[in-house]
Amino acid sequence: MSNDPLLQPYKINNLTLRNRIIMTAHEPAYPEDGMPKGRYRAYHVERAKGGVAMTMTAGSAAVSKDSPPVFNNLLVYKDEVVPWMKDLTDAVHEHGAAIMIQLTHLGRRTRWDKGNWLPVVSPSHHREAAHRAFPKKMEDWDIERIIKDYADAAERMKAGGMDGIELQAYGHLMDQFWSPLTNELDGPYGGSLDNRLRFTFDVLGEIRKRVGPDFIVGMRYTGDELLENGLTREDGLEISRRLKESGMVDFLNVVRGHIDTDAGLTDTIPIQGMQNNPHLDFAGEIRAATDFPVFHAAKISDVATARHAITSGKVDLVGMTRAHMTDPHIVRKIIDKREDEIRPCVGANYCLDRIYQGGSAYCIHNAATGREETMPHEIAQAEGRKKVVIVGAGPGGLEAARVAGERGHEVVVFEAANQPGGQIRLTAQSERRREMISIIDWRMTQCERLGVRFQFNTYAEIEEIEAETPDVVVIATGGLPHTEVLSEGNEHLISAWDIISGDVKPGKNVLVYDDAGDHAGLQAAEIIAKTGARVEIMTPDRAFAPEVMAMNLVPYMRTLQKLDTAFTVTYRLQAVEKTGTGLKAHIGSDYGGVAQQREFDQIIVNHGVVPMDDLYFDLKPGSSNQGEISHDQLLAGQPQSVQRNSEGSYQLFRIGDAVSARNTHAAIYDALRLMKDI
Ligand SMILES: Cc1cc2nc3c(=O)[nH]c(=O)nc-3n(C[C@H](O)[C@H](O)[C@H](O)COP(=O)(O)O)c2cc1C
Ligand code: SF4
């Protein structure tokens with residue numbers, strides 16, 4: 001048996017886990033009608049196959065009808081959930097992993113205009129900033145009803161074959177009772193700490209009556225709200241001791257912080273550029289104070305840190321949650337001594353931000369996550385070997401090269417620059433987003449292993465391509481900044497990329513006109529503002545930077561607000577003219593009736609990219625399919641067989657921004673779903 005501390009078994013109650021690595025609760029928003037159906041099952045089964053010890057499903061599964069999901073959560077207050085749970089737990093158990101589920105009542109952390117349109121409830125009327133609902137202050141019958149709901153849900157989960165449950169108490173109803181900031185009830189459920197904890201112990205007591213002593217019940221809770229007048233570290237330690245002493249819980253899953261604002265949530269679940277494992281020591285303090293099983297997750301993304309978390313005795317089980325969204329096979333790779341092949345989580349937080357904005361979680365650079373029913377995490381060998389030529393070594397081109405290599409094809413990549421990366425290399429110029437370069441580095445390592453040939457510093461023309469006598473050509477040339485956005489004066493505009501790359505020096509009084517609303521605009525603004533320049537970000541939209549999304553916005557705001565950046569929404573830059581002293585911006589509005597003129601010395605624009613598609617159109621006549629991709633075959637997972645030109649000697653495909661301005665995930669998904677069947 002291995003002596004790797006991460007691979008040692010761990011016993012909790014009557015359950016023996018096969019190693020120390022778990023996925024903590026994370027609702028990827030894959031339920032269908034509130035049930036864990038095929039997609040849900042396939043997602044967790046892939047991680048079970050990959051060796052994880054335990055997967056904590058759901059995240060915020062709703063125990064009551066007045067806890068409507070805010071991001072498509074499981075509805076465990078319904079009896080019909082039991083057979084779906086049984087299918088899920090059986091399928092995960094088949095691969096040797098344990099499976100549990102997080103249950104909750106969201107309290108005020110939801111909206112009244114979702115689900116059943118019942119009033120939102122909490123132990124006070126205080127609104128949560130993030131979800132905006134003004135709650136009803138709970139009455140005795142609300143409390144009795146919800147205690148019973150928890151116990152009913154726990155019983156359903158046991159019937160569904162779960163190994164255990166955990167109750168969520170950070171930002172949700174349970175710790176809304178705990179925190180003096182959100183509990184304004186009089187006794188017996190408000191006032192002293194004893195009273196504020198009464199709801200939790202009543203729930204635990206009722207659950208234990210239903211599930212007995214052998215079923216695992218744990219608590220995921222904040223041990224320090226990090227909020228003025230909120231729960232303190234001392235409160236957290238006291239609560240931890242009381243939970244242990246109650247004899248009703250089997251583990252403590254420790255969190256630190258508060259999640260009632262985007263900024264609070266981001267400190268609790270840090271993203272790229274923020275400190276790694278910031279709360280691990282705190283979890284260790286709770287373990288030391290209680291000598292009780294402690295779980296913890298918060299940006300422990302690499303195996304070395306996870307190993308340290310276990311060897312140092314800070315935790316008993318280490319959560320690598322987003323890390324498993326990026327690579328479901330972490331444990332298997334550790335066992336096989338292939339740690340260097342683990343696809344790294346880069347903390348982009350596309351996954352978590354998307355559950356609110358995009359409807360379901362996707363990993364920025366693993367397009368198979370959440371699509372396990374149609375996209376493979378492991379690529380099958382093709383029957384015949386083809387010669388595949390790829391033009392462009394950005395994320396899309398490299399994914400195409402990697403997948404083609406895994407298929408067993410001979411692969412050549414042409415890249416005009418002297419190194420790979422495309423737009424990602426620009427993104428990674430910012431210290432805070434440096435981790436993004438691992439998207440490229442990981443693919444380069446895979447390509448090297450697969451024998452992919454690279455030709456850098458090569459601006460490929462039709463001759464170079466044809467000289468390779470390819471069977472398949474993939475154009476992944478990306479795009480160039482689109483700056484033709486004005487009725488007059490486009491020549492005075494500078495692209496956001498020019499600032500990020502350092503090709504253009506920032507001015508002193510700068511307008512960043514950003515109607516693409518993605519990272520490039522804010523990234524350029526941050527670079528400029530840091531030089532001491534005055535910066536105004538303007539958009540014609542209702543909100544700025546909508547594509548950046550909630551948690552990703554936090555670090556930008558922390559910098560930009562300190563540097564006094566101005567944000568102007570709903571105004572449209574129409575024209576720019578040069579004056580004796582600088583640039584005059586003519587500003588209007590889609591709402592009409594506005595004609596402002598303002599002076600700046602530099603105007604930056606972020607308006608996506610124009611595809612670099614010359615080579616594609618040059619190659620089109622010589623191709624057999626004339627560049628056409630059969631959408632039917634693509635979506636059905638079948639090889640491409642379009643024939644439009646019997647003289648054509650190769651199939652030609654175009655992916656990523658070379659087609660139209662999108663994002664990194666889209667480029668990688670384009671590449672994976674096309675190449676897996678070539
Ligand atoms: C898509 C997604 C959904 C999440 N939903 C929940 C949730 O419902 N309940 C919860 O306690 N934590 C939730 N989390 C937080 C994770 O359990 C974990 O604490 C967090 O991702 C930090 O760990 P990591 O750095 O290993 O990913 C979610 C995380 C992600 C990525
Ligand atoms: S999107 Fe980013 S943070 Fe989320 S799993 Fe993928 S790499 Fe990790």
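Is Q651 buried or exposed? With a relative accessible area of 13%, Q651 is buried (under 20% counts as buried, over 50% as exposed and in between as partly exposed, using a 1.4 Å probe on protein chains only). What you have here is a predicted model, where local features need pLDDT of at least 70 and side-chain atom pairs count only at pLDDT 80 or more, while totals for chains, interfaces and linings use all residues. Residues are numbered from 1 along each chain as its sequence is written, chains are lettered from A and ligands numbered from 1 in the order in which they are written, and side-chain values use heavy atoms, with hydrogens and water left out.

**Around Q651**
- You'll find Q651 in strand β27, residues 651–654 (strands are DSSP runs of E, at least two residues, and helices are runs of H or I, at least four, numbered from the N terminus).
- A polar atom of the Q651 side chain lies 2.9 Å from the backbone oxygen of Q640.

**Ligand 1**
- There are 21 residues around ligand 1, and T24, A25, S60, Y170 and K299 come nearest (a residue is near if one of its heavy atoms lies within 4 Å).
- An oxygen atom of ligand 1 lies 2.4 Å from a backbone N or O atom of A25.
- An oxygen atom of ligand 1 is also 2.6 Å from a polar backbone atom of K299.
- On the nitrogen side, a ligand 1 nitrogen is 3.3 Å from a polar backbone atom of E27.

**Ligand 2**
- Ligand 2 sits in the second largest cavity; sitting there means that more than half of its atoms lie within 2 Å of the grid points.
- A cavity is a set of points on a 1 Å grid over the protein atoms alone where a 1.4 Å probe fits but cannot get out; a pocket is an open set with protein on both sides within 12 Å along at least five of seven lines, and lining residues have an atom within 4 Å of a point.
- Its surroundings include R322, T326, C345, N349 and C363.
- Helix α10 (321–326) and helix α12 each supply at least two residues of the shell, with α10 giving the most, three.

**The second largest pocket**
- This pocket has a volume of about 420 Å³, the space filled by probe spheres set on the grid points.
- It is lined by 19 residues, and D262, Y356, Q357, M549 and A550 are the closest to its centre.
- Helix α12 (350–357) is one of the contributors of at least two lining residues, and its four make up the largest share.

Note on methods: Polar contact = N/O pair within 3.5 Å; in protein donor to acceptor, adjacent residues only side chain to side chain.
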